[in-house]
Amino acid sequence: MTEQIFIGAQETGQWQQLLQNRAFRKTVVLVDENSARHCYPLLKPFLPQQHHVVQIKSGEENKNLATCEHVWRELTEQGLDRWSLLVNLGGGVLTDLGGFCASLYKRGITFVNVPTTLLSQVDASVGGKTGIDFMGFKNHIGVFQEPLAVLVNPDFLQTLDMRQLKSGYAEMIKHWLIADADMFHEQRYIGLFTDDWTPLIRHSIEIKANVVTADPLENGLRKILNFGHTIGHAVESFYLEKPGQMLLHGEAIAVGMICEAWLSVQRELLSQEEVSQIETFILSVYEKVNLPEADLQAISQLCLHDKKNSGATINCTLLQKIGEAVYDQPITLSEVQSALRYYQLL
């Protein structure tokens with residue numbers, strides 16, 4: 001990874017200095033209604049005095065081409081050229097979409113991410129993945145493009161409700177499950193009852209940064225970051241189209257992690273004791289998602305569109321023990337349905 005990551009409120013000045021040392025002709029700040037209200041006032045003193053704010057609607061359902069068109073139109077009307085800057089201030093939906101818009105506008109302009117949710121601070125804003133949803137499929141259209149810098153300020157977490165905090169926490173659990181067994185076993189007795197998120201955020205970012213540095217374009221090792229996501233994304237995508245039933249990303253990934261941990265046991269990679277520990281921890285944080293039997297086939301079919309697949313083969317990341325993942329594990333639609341039924345019966 002080449003982006004600079006600044007973690008903590010005390011790093012804001014250094015982040016500001018980085019921007020001031022580069023001659024950007026124009027600056028646009030991309031926000032949604034939530035980050036505009038709660039976070040923009042805190043960041044405004046550290047932005048170039050002359051900047052323009054573009055607002056989009058929050059929510060996964062707005063992470064689409066229509067929103068991109070709105071952003072590109074605004075950038076064009078503001079006269080941004082290739083020596084301009086886009087500041088993405090918001091959660092994972094906004095940093096994903098903002099990075100995608102910046103990467104394509106005039107074949108690419110510089111952007112920085114200022115993630116305001118726990119999910120975006122530990123996952124979405126770091127690592128150079130940008131993208132939007134298309135035809136109901138998560139992150140179906142996108143490019144790899146790293147931001148110039150990422151400013152992670154845990155103070156923004158005070159603006160979140162518990163549901164949003166839990167959504168981000170799922171990605172932290174995933175990082176422990178794939179790379180740090182000691183942290184998993186320590187944190188499963190603590191959960192969300194932490195006094196200071198900064199060291200946990202830093203630890204999660206370090207895990208992801210180490211993986212991304214080794215495999216920036218997801219040709220191999222980076223696929224371990226997808227643990228819980230093959231089935232989790234399918235669940236998320238299915239309910240994205242269901243009014244009143246939409247899940248937050250982390251809620252769906254929590255389902256996916258239990259399902260894929262169970263599949264790991266079926267492949268004799270993971271022990272029954274370990275999967276029990278994983279289930280107990282996750283279900284202590286997240287409410288069970290109701291998965292009606294009538295929906296299971298349609299959910300499993302969505303796994304066929306996972307970006308890690310090779311042709312008709314569904315490639316999944318599984319656990320061979322807590323703290324160690326294996327990627328490119330082929331699974332069948334029947335196994336996906338069985339895993340979903342297992343979750344359903346917990």
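The structure is a predicted model, in which local features need pLDDT of at least 70 and side-chain atom pairs count only at pLDDT 80 or more, whereas totals for chains, interfaces and linings use all residues. Residues are numbered from 1 along each chain as its sequence is written, and side-chain values use heavy atoms, with hydrogens and water left out.

A cavity is a set of points, on a 1 Å grid over the protein atoms alone, where a 1.4 Å probe fits but cannot get out; lining residues have an atom within 4 Å of a point. The count comes to three cavities of 30 Å³ or more. The volume of the second largest cavity is about 50 Å³ (the space filled by probe spheres set on the points, which are joined across faces, edges and corners). By class, its lining has four nonpolar, eight polar and two charged residues (Ala, Val, Leu, Ile, Met, Phe, Trp, Tyr, Cys and Pro count as nonpolar, Asp, Glu, Lys and Arg as charged, and the others, Gly among them, as polar). Helix 5 gives the most to this lining, with three residues (helices are DSSP runs of H or I with at least four residues, numbered from the N terminus).

The largest cavity holds about 110 Å³ of space. Its lining includes Phe 137, Lys 138, His 229, His 233, Leu 302, Cys 303 and Asp 306, and helix 10 gives the most to it, with five residues. The lining of the largest cavity divides into four nonpolar, five polar and three charged residues.

Helix 10 (residues 229–240) also meets helix 13 (residues 293–301), their axes coming within 9 Å and crossing at roughly 115 degrees (axes are lines fitted to C-alpha atoms over the stretch in contact, with angles from 0 to 180 degrees between N-to-C directions). The two helices are therefore roughly perpendicular to each other, a class covering 65 to 115 degrees. Ala 234, Val 235, Phe 238 and Tyr 239 in helix 10 meet Asp 295, Ala 298 and Ile 299 in helix 13 (contact means heavy atoms within 4.5 Å). The residues of this contact divide into six nonpolar, no polar and one charged.

The second largest pocket (an open set of points with protein on both sides within 12 Å along at least five of seven lines) contains about 280 Å³ of space. Tyr 239, Arg 163, Lys 166 and Glu 251 are among its lining residues.

Note on methods
Parallel < 35°, antiparallel > 145°, perpendicular 65-115°, else oblique.
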